[in-house]
Structure formats: structure tokens, C-alpha cells
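Hello,

Here is the structure I promised to pass on to you. Have a look at it first, and my notes follow below.

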Amino acid sequence: MNNDLKVFRRSFFNWPGLIFLVLFVSIGVSGQTALTWEQLAQVTFQEVDQENAGAVFARAQFSKSLLKREGQDVFIIGYLLPLDVRGNAYALSASPFAACFFCGKSGPETVMELEFAKKESWFAIDQLVMVHGKIRFNPDNPERLYYILQQAAVMERMDK
């Protein structure tokens with residue numbers, strides 16, 4: 001081993017170097033955990049009559065492991081689906097638009113409603129992104145999707 005490498009190892013891998021390394025790594029990690037579409041598929045649906053509407057609604061029954069994630073800061077990768085750009089309404093899908101839930105080719109567990117922390121307007125349909133926010137579950141409000149990501153923000157555009 002050459003002398004320069006020995007000096008580097010001695011100086012960096014002492015207490016100050018170790019403290020620096022731990023701080024550097026901890027600053028880069030904000031406590032968010034990955035959430036996958038496979039995890040979100042851990043849900044079953046039970047048809048229930050909707051009072052006064054004369055319609056049937058599929059009530060979601062989330063797995064216990066999924067319910068433990070309620071309110072956690074998470075990140076997930078998916079395809080953006082602008083629903084109403086002026087109204088800042090977007091969904092995230094496990095599949096591109098042509099194969100997503102809205103086209104009847106997937107289940108409702110493959111889409112997530114996004115509530116952005118600040119208004120976004122640059123998104124294109126089917127843009128692959130990594131998004132983070134707080135995960136919320138909506139088992140029985142038929143006016144919203146079953147999964148809602150609150151305080152959402154795009155971490156990275158994956159298809160640059």
C-alpha cells in the first residue's frame with residue numbers, strides 16, 4: 001500500500017472521520033422508506049351498498065402490514081397521470097396510461113392520488129418519477145382513490 005493511502009486511512013478512519021461519515025449519510029436520508037406497488041396490492045375489496053345512492057361501492061380492506069405504514073413518509077416510483085393540470089390534480093400509476101386502472105386493464109390498487117405540497121405544472125402524461133410524501137389510506141370514500149400521497153413532491157424524474 002502506498003504512503004498516501006496509509007495517511008488517508010489513518011486520518012479519515014479515526015473518530016472525526018467516522019463522525020463526519022455518519023453525519024453525511026444521515027443528512028442524505030430523510031427517514032423516508034420505499035413503498036412498492038406490490039405492497040399496495042395487499043388489499044382486498046368488499047362490495048357494500050352505498051346509502052341513498054342506489055349503487056354498490058368496493059370498500060377496501062388493507063392488510064395489517066400496510067396499515068402500519070399509515071402517515072409514514074414514503075417514496076414510490078410510478079407514472080404520472082395528469083387528471084386536471086389547472087386544478088393540480090394528479091395520480092401516480094404502477095403502469096403507463098394505456099395499461100392503467102382508468103383504462104380498465106389494472107385494479108384500483110395500482111393508482112395513487114397525489115396531493116402536491118406546492119402547485120406543479122411541468123408534468124407530462126406517463127412521465128416516470130420518484131415521488132415522496134405521507135401515505136394515507138382511503139377505505140370507503142368513493143370520491144377519492146384508495147391511496148393518497150399527501151404533501152407530495154417529486155424527488156427525481158426517472159425518464160430523462
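Predicted model: local features only at pLDDT ≥ 70, side-chain atom pairs only at ≥ 80, totals over all residues.

**The chain as a whole**

The secondary structure comes to 4 helices and 8 strands. Reading from the N terminus, the order of elements is α-α-β-α-β-β-α-β-β-β-β-β. The chain has 160 residues, and 29% of them are buried. If you take the contacts between residues at least 6 apart in sequence, 60% of them join residues at least 24 apart.

**Strand pairing**

Two pairings involve β7. This strand runs antiparallel to β4, with 7 bridges joining the two. Within β7, Gly133 is the residue that stands opposite Val74. Strand β7 is also antiparallel to β8, and 8 bridges join them. Here Met130 has Glu156 in β8 as its bridge partner.

**The nonpolar cores**

The largest nonpolar core holds 25 residues, and the members that touch the most others in it are Leu92, Met112, Leu114 and Tyr147. At least two residues of this core come from each of α3 (37-40), β3 (55-62), β4 (73-84), β5 (89-93), β6 (111-116), β7 (128-137) and β8 (147-157). Strand β7 gives the largest share, 4 residues. There is another core apart from this one, made of 5 residues, including Leu81, Ala91, Val111 and Leu145.

Beyond its neighbours within four places in sequence, Met112 is in contact with Leu35, Trp37, Leu40, Ile76, Tyr90, Ala91, Leu92, Ile135, Leu145, Tyr147, Ile148 and Leu149.

One of those contacts is Leu40, which is found in helix α3. Leu40 counts as buried because its relative accessibility is 0%. Not counting residues up to four places away in sequence, Leu40 touches Leu35, Leu66, Ile76, Glu109, Met112 and Tyr147. Leu40 and Pro108 are 68 residues apart in sequence, while their C-alpha atoms are 10.0 Å apart in space.

**The aromatic rings**

I counted 6 aromatic pairs. Phe62 and Tyr147 form a tilted one, with 5.5 Å from centre to centre and 50° between the planes. This pair links distant parts of the chain, as Phe62 is in strand β3 and Tyr147 in strand β8, 85 residues apart. Why do both of these residues count as buried? Phe62 does so because its relative accessibility is 11%, and Tyr147 because its value is 0%.

Tyr147 also pairs with Phe137, the residue from the opening question. Their ring centres are 5.8 Å apart and their planes are at 75°, so this pair is edge-to-face; the cut-off for that class is over 60 degrees. Phe137 lies in strand β7 and Tyr147 in strand β8, so the pair ties together parts that are 10 residues apart in sequence.

Elsewhere, ring pairs link Phe45, Phe57 and Tyr146 into a cluster.

**Two backbone points to check by eye**

Asp126 lies in the loop between β6 and β7 and is partly exposed, because its relative accessible area is 27%. Gln151 is another, with a phi of about 50°, and Gln151 is found in strand β8.

Happy to talk any of this through.

Best wishes

Notes:
Residues numbered from 1 in each chain as written. Heavy atoms only, no water. Core = buried A, V, L, I, M, F, W, Y, C linked by side-chain atoms within 4.5 Å. Buried < 20%, exposed > 50% of the residue type's maximum accessible area, 1.4 Å probe, protein only. Contact = heavy atoms within 4.5 Å. Pairing = 2+ DSSP bridges. Phe/Tyr/Trp six-rings, centres within 6.5 Å; stacked < 30°, edge-to-face > 60°.
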